[in-house]
Amino acid sequence: MQFQADMLGCHVERPACVGTTALEAASLAAIALGWHTLEALAARHIASWFDPAMSEAQQATLRAGWRKAVSRASHWENGEGEET
């Protein structure tokens, strides 16, 4: 989760119950339908949190490598060979 905070440049929280992804998605849907409140969702217990700590230069280097890998995979998948 530290990597997510670093790459997104934002605060990331991990709930005490890490298997709550589906529950939180359902809660957001319930809020949209007016069946639940945002306050109830925000009241969950946070076990830990992560703040960005990576430099912008390191973020840029990692993003450039990711973009290069995606480009190569895209060309490989399309049968166009490897892009240099």
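The dialogue goes from the overall fold to a single residue.

Modeller: Please keep in mind that this is a predicted model.

Biologist: What is the radius of gyration of the protein chain, and with what value is it set side by side?

Modeller: The radius is read against that of a compact globule. For 84 residues such a globule would have a value near 12 Å, whereas the protein chain has 19 Å. The C-alpha trace spans about 50 × 30 × 20 Å along the principal axes.

Biologist: How many of the residues count as buried?

Modeller: Burial is given as a share of the chain. Of the 84 residues, 14% count as buried. The accessible surface comes to about 6400 Å², and carbon and sulfur atoms hold 61% of that surface.

Biologist: What share of the contacts with a separation of 6 or more joins residues 24 or more positions apart?

Modeller: That share is 68% in the protein chain.

Biologist: Why does Ser 27 count as buried?

Modeller: A residue is buried when its relative accessible area is under 20%. Ser 27 counts as buried because its relative accessibility is 11%. Ser 27 lies in helix H2, residues 21-32. Beyond its neighbours within four places in sequence, Ser 27 is in contact with His 36 and Leu 41.

Definitions and conventions: Residues numbered from 1 in each chain as written. Predicted model: local features only at pLDDT ≥ 70, side-chain atom pairs only at ≥ 80, totals over all residues. Heavy atoms only, no water. Rg over C-alpha atoms; globule rule 2.2 N^0.38 Å. Buried < 20%, exposed > 50% of the residue type's maximum accessible area, 1.4 Å probe, protein only. Contact = heavy atoms within 4.5 Å. Areas by Shrake-Rupley, 256 points an atom, 1.4 Å probe, with all protein chains shown as cover. Helix = DSSP H or I, 4+ residues; strand = E, 2+ residues; numbered from the N terminus.
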